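Trainee: I am new to this structure. Please take one part and look at it closely, then set it in its surroundings.

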Amino acid sequence: MGAFLYGVSLQWKLDIRSKTLLITCYIVPLLFFAVMGGIFTSVMPEARYTLIQSMTVFGVTMGALIGLPPSLVEIYSSDIKKVYKANGVPLYLGLFLTNISAYIHLFIMSIILYIAAPLVFHAETPKNPDMYFISLAIFIAVSLNIASVIGLAVKDQAKTSMISILVFLPSIMLAGIMFPLELLPKAFETIGKLFPAAWGYKLMTESSFKYESLFLLLLFFVLAAVMCNILLRKIDK
């Protein structure tokens, strides 16, 4: 219990000083919403029907892929890992607490978008709020799990940022939130389906659960969880 509380205390201190978390989970997504929300609804008035979902997918993907990996590198590729071991804190606890912290921040950001979009841009709220928030919860978990793989696999901050951006850009550009997937060449549409953002957006815009989207997101989650387990075992050696 003491080791767990120490891990929580250490994570709390890391979160407080983390500018990356603040920028990627709040500042950039909300600025993107403020600017692009107006452009989307002006150029394509029908965008207001999916504005909440598209802005949320951008924010969650940004916060997970760009914000989480550097925090994990800071823990597992620095003296913090030694501090964990010296105090008897299991190494997986750092991954768990970092994910929980990021999850809370991303959910708060998503709620802000959910409330602000109808007020600022007259966006339509999802017809089935319960399903929307369940889909959102699943999408955030999947995105963070995949971001965790990057953070555990790459031990250099610069390389981590580069790989995160290389995954983030196609996730957003090919997810269907910027423009309809039907306008893309077939090859790009297929590539887009390799990223959770496309399926998360699809699941959140549907009025009822489509098991294809749900199954694929859960498959992404399981595969990423297995990879995280393998990488943690290597780090612990």
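Mentor: Start with Cys228, which is buried at a relative accessible area of 4%. Buried means under 20% relative accessible area; exposed means over 50%, and partly exposed lies in between (1.4 Å probe, protein chains only). Cys25 also counts as buried, at 0% relative accessibility. The structure holds zero disulfides, a disulfide being a pair of cysteine sulfur atoms within 2.5 Å.

A word on the source. This is a predicted model, where local features need pLDDT of at least 70, side-chain atom pairs count only at pLDDT 80 or more, and totals for chains, interfaces and linings use all residues. Residues are numbered from 1 along each chain as its sequence is written, and side-chain values use heavy atoms, leaving out hydrogens and water.

Now helix H9, residues 196–205. Eight of its 10 residues are buried, so the rest of the structure largely encloses H9. Among them are Trp199, Tyr201, Leu203 and Met204. Pro196, Ala197, Ala198 and Gly200 are buried too.

Step back to the protein chain. It has 10 helices and zero strands. Both are DSSP runs, numbered from the N terminus: helices are H or I, at least four residues, and strands are E, at least two. Of the 237 residues, 49% are buried.

Last, confidence. pLDDT is the predictor's confidence in each residue, from 0 to 100. The protein chain averages 84, and 86% of the residues score at least 70.
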